[in-house]
Amino acid sequence: MASRSATLLAGSFLLLLSCCLSICSAEALNTATAAAAGASCPEYLPTGKYRTTSYTDVLNTTKKISAKRPNANVATGQWIAGRATFYGTDPKIEAAHVACGEPAGQYGVLAHGSCGYTNGDGSLPYPADMYAAAADTNVDYPGSCGRCYQIRCRSGSPENNGRPLRMSDLQYARPYQIKDNQGRDWPGNPYEKQDLFYTKCWDDKQVITVRVADSCPCNYYIKFTGETRLQPWCCGGNNHFDLSVFAFEKLAHPSYGVMKMEYRPVSCGTGQPLKPVPGFINMTVYDEGIGAGWTFQPYLAKNQQLRASSQGVFKSTGLCASLSKGGALSFVCKRCAQAGYQPFGKASRLKFWIRSDTKSSDPFASSTPPGKLPPLKVFLMNHEKSLYCGKEIMLSDLGAASKVKKQGPWTLIDIPLTSWRCNEGSAGNRANVNRVDFQNVKDLDANICMDGIQLV
């Protein structure tokens, strides 16, 4: 599973928490530089004044899951209690932190999240203020990529395992005080003297919609160092989301760093509430955009565009990429082999539109000449356990059970899922499958566009 490479050093540890993690002391902060950046640096509590344990210990004081976590009995449309932090670099916040002596870049970037919603040039296919990461301990985490949630801030104290957070839990007396991007000051904490952490929302009635584009793992494995790093916010003490900084500041001042909130899953298209548990999985993997439940994980790919305008069927939005030999467009429903999800087990066929995106008539320009069906290989597998179905399907050699329909440059392919003979492979059966790859096996690049990928 892809991890959030942009947050190696900080994970989802936000404004207030970064003060605790930083090696700089209050005495070392450059007050003059901070003032020039329009920032008031945080004030720390003396070590041991309230406790000697770290905030990591406070957020993990018990192993039990919070009683406020949703379960299968939560009604559709019901608001669910939770908590939110933020991630992603904001120039104003970055400047304040650097001015106060902290390293740059510790809040990461929104691009290249674990759901893969990033174009080949590093741009975002969806608005930055819609990006969010779901904690991998959330009860509806399976298939959370692409799922939309409504979020509303609730003025009050964020909780962990049912207990309100104290200021002394985080070992600081006052957070960064800067103006947000709309010029608003930090509203302050009216319960500071009572040692209670408190977030004041801009408007408790305001509702925003976010799309899960990343994950916040409790235990984050760093491939380059072999280290596993704990990210306490995401370890189950509350239903937790890491919002993009641009989404967070719509609801509360970013100087708070964490907010009490409520959320509910909704349709990305209509905004209608969805059943919370099990989480909604769209059987349409892609149709002018990624379907709820699915990652977009191209590999050995160039120039990929998740939402290429006018490149889909009937000049709609499509998905385009150039695949090197061995490269593929891969779609994963993370952790969806468990009961209640299993999209491949519920379907009987895989349908999709595909065309060549090669512009040149030179036969050596690519493996996908204009007007011809791209000769890709399609295989199914279990992503987490690397279990495969018993057969791979070549589009250049489809069996009689498959249906093929030509329409202009496009070809509609309809293949029975039994064709992959999952019961003959290590996957065992289709219920265990949660990934489909469209792979180039030729020496030359495969330039392709796809649309209307669905399980039926």
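Tutor: Let us begin with a definition: two strands are said to pair if DSSP finds at least two bridges between them. Please keep in mind that the model we are reading is predicted.

Student: Which strands pair with S22, and in which sense?

Tutor: Strand S22 covers residues 435–439, and strand S15 (residues 318–332) pairs with S22 in the antiparallel sense over five bridges. Strand S17 (residues 377–382) also pairs with S22 in the antiparallel sense, again over five bridges.

Student: Which way do the residues of S22 point, and are they buried or exposed?

Tutor: The general idea is that in a regular strand the side chains alternate between the two faces of the sheet. In S22, Arg435, Asp437 and Gln439 point one way, whereas Val436 and Phe438 point the other way, and all of them are buried. The strand is therefore described as mostly covered, with five of its five residues buried, that is, under 20% relative accessible area.

Student: How should I read a salt bridge, and how many are there?

Tutor: Look for a side-chain nitrogen of Lys or Arg within 4 Å of a carboxyl oxygen of Asp or Glu; by this rule the count comes to 15 salt bridges. One of them joins Glu262 and Arg152, whose closest N and O atoms are 2.8 Å apart. This pair links distant parts of the chain, with Glu262 in strand S12 (residues 259–266) and Arg152 in strand S4 (residues 148–153), 110 residues apart. Both Glu262 and Arg152 are buried, and together with Arg154 they are linked in a network of salt bridges.

Student: Why does Glu227 count as partly exposed?

Tutor: Glu227 counts as partly exposed because its relative accessibility is 32%, and Arg229 counts as partly exposed because its value is 23%. These two residues form a salt bridge, with the closest N and O atoms 3.0 Å apart. Arg355 and Asp357, whose side chains meet in a salt bridge at 3.2 Å, N to O, are both buried.

Student: Which side chain of opposite charge is nearest to Arg211, and how far away is it?

Tutor: Arg211, which lies in strand S8 (residues 208–216), is buried yet has no salt bridge, and the nearest side chain of opposite charge, Asp129, is 10 Å away. Not counting residues up to four places away in sequence, Arg211 touches several residues, among them Tyr117, Tyr126, Tyr131, Cys148 and Cys268.

Technical notes. Residues numbered from 1 in each chain as written. Predicted model: local features only at pLDDT ≥ 70, side-chain atom pairs only at ≥ 80, totals over all residues. Heavy atoms only, no water. Helix = DSSP H or I, 4+ residues; strand = E, 2+ residues; numbered from the N terminus. Buried < 20%, exposed > 50% of the residue type's maximum accessible area, 1.4 Å probe, protein only. Lys, Arg positive; Asp, Glu negative; His and termini not counted. Contact = heavy atoms within 4.5 Å.
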